[in-house]
Amino acid sequence: MDISEIILVMYWLFILSGGIFCWIFFGTRKARRSGNALDSLIIAADRGDKAALKLLWEERDRRKISDEDYIRYRRSLYTRLAQKGDAFAEYELGEDALLILHQPRAAYDYYRRAADKGCTEAMTRLALLYATGSEGFEENLPLSFQWYMCAANAGDTKAMAEVSNCYHSGYGVEENLEGAIYWASKGAKAGSAKCVFQLAECYNTMPPTPEKKATRLKYLEQAMRMGDGDVYEKAANSLGYFFGSAYIYNLQLEDQYTDRRKAAYCFTLAWVCDADNDYVKENLQKVGYRTSQREFEQWRADALALRYNP
């Protein structure tokens, strides 16, 4: 073999090795990008991003990932992140230990590590478990309040609403209306519909002066207009009572807030949001306001869209 043939062979070997290298490198890089995309969707979905959850389901369908494979992949992801000190990953591993593996002791360890690293989701989860005494945890209202307070101090608005409720109702702490209003106001300023509704609940326990009733009405309507599904039904039901109590309880009708149409409207919103709530439906019937089919359909559309347009 002369020198020209050697050079030709070396040339083609170089081309072939380069092609193999590119195929491996870019294929691995594409797979890594694809995996990273799935990882980010999982984390966003677990944090409550509904758009990410929808995309995650579509991606799972596209890749034909079974539930078992998804759970293994998800646990592997969070295990890797937890090993790097990620607090939210510790919290999600705790959720798996509690709800899938049914290991409350292991779940507590994960939650506690996550909470110690500042994860408010873990703090509120521990608070809820101690408040209800469920999933293998012993009921402990004072300890539940302490964990809610930790999360509230860390800026979690859901925990602020719970701290307000604890002060308002005396759950795990001595009743303190000023404390209840303080934490509900703080969360309301941060944009929490739950805290706005909690403010309305605080004013509901005060003497029913015209000023207090007007303030409660303002907070209830504000909570409704914020369009938060978690509080929408409760606020609608409360507004229904607000406008229809004279008819339901045979009180005097000169109350300036008595309005059967608004009561029927709000009870309809609450009923549509929870079709199994016979109690709300019964109150709707007690108000006795006859709605046209067109009016009912509009109210129903408002309820489904979490929209308040009395």
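A residue is called buried when its relative accessible area is under 20%, exposed when the area is over 50%, and partly exposed in between, with a 1.4 Å probe and protein chains only. The model is predicted, so local features need pLDDT of at least 70 and side-chain atom pairs count only at pLDDT 80 or more, whereas totals for chains, interfaces and linings use all residues. Residues are numbered from 1 along each chain as its sequence is written, and side-chain values use heavy atoms, with hydrogens and water left out.

**The whole chain**

Begin with a cartoon view of the entire protein. The secondary structure comes to 15 helices and 0 strands; these are DSSP runs numbered from the N terminus, with helices being H or I of at least four residues and strands E of at least two. Of the 310 residues, 38% count as buried. Contact here means heavy atoms within 4.5 Å. Among contacts with a separation of 6 or more, 50% join residues 24 or more positions apart.

**The nonpolar cores**

Next, select Tyr111, Leu126 and Val163. In the largest nonpolar core, which has 46 residues, these three touch the most other members. A nonpolar core is a set of buried Ala, Val, Leu, Ile, Met, Phe, Trp, Tyr and Cys residues joined through side-chain atoms within 4.5 Å. Helix H4 (residues 87–99) gives the most to this core, with 7 residues. In soluble globular proteins, nonpolar side chains tend to be buried together.

Centre the view on Tyr111. Which residues does Tyr111 touch, not counting residues up to four places away in sequence? They are Tyr91, Gly94, Glu95, Leu98, Ala122, Arg125, Leu126 and Leu129.

**Two loop residues with positive phi**

Select His102, in the loop between H4 and helix H5 (104–116). The phi of His102 is near 55 degrees, a positive value in a residue other than glycine. His102 is exposed, with a relative accessible area of 58%.

Then move to Glu135, in the loop between helix H6 (120–132) and H7. Glu135 is not a glycine, yet has a positive phi of about 55 degrees. Its relative accessibility is 40%, so Glu135 counts as partly exposed.

**Helices H7 and H8**

Select residues 141–153, helix H7, together with residues 157–169, helix H8. The two pack at an angle of about 140 degrees, with their axes 8 Å apart. That angle makes H7 oblique to H8. Axes are lines fitted to C-alpha atoms, for helices over the stretch in contact, and angles run from 0 to 180 degrees between N-to-C directions. Angles under 35 degrees count as roughly parallel, over 145 as roughly antiparallel, 65 to 115 as roughly perpendicular and the rest as oblique.

H7 passes H8 in a left-handed crossing. A crossing is left-handed if the near helix is turned anticlockwise from the far one by less than a right angle, and right-handed if clockwise. Display side chains to see the contact: Phe145, Tyr148, Met149, Ala151 and Ala152 come from H7, and Ala159, Met160, Glu162, Val163, Cys166 and Tyr167 come from H8. These residues divide into 10 nonpolar, no polar and 1 charged. In this division Ala, Val, Leu, Ile, Met, Phe, Trp, Tyr, Cys and Pro count as nonpolar, Asp, Glu, Lys and Arg as charged, and the others, Gly among them, as polar.

Select Lys212, in helix H11 (residues 210–225). Lys212 is partly exposed, with a relative accessible area of 29%. Beyond residues up to four places away in sequence, Lys212 touches Tyr203, Met206 and Pro207.

Residues in the contact include Arg216, Leu217 and Leu220 of H11 and Ala236, Ser238 and Phe242 of H12. By class, the contact has 11 nonpolar, 1 polar and 3 charged residues.

Is Ser238 buried or exposed? At 12% relative accessibility, Ser238 counts as buried. Not counting residues up to four places away in sequence, Ser238 touches Phe197, Glu201, Arg216 and Leu220.

**The last stop**

Finally, select Thr291, in the loop between helix H14 (278–287) and helix H15 (293–304). Thr291 counts as partly exposed, at 33% relative accessibility. Thr291 and Arg261 are 30 residues apart in sequence and 8.5 Å apart in space, C-alpha to C-alpha.
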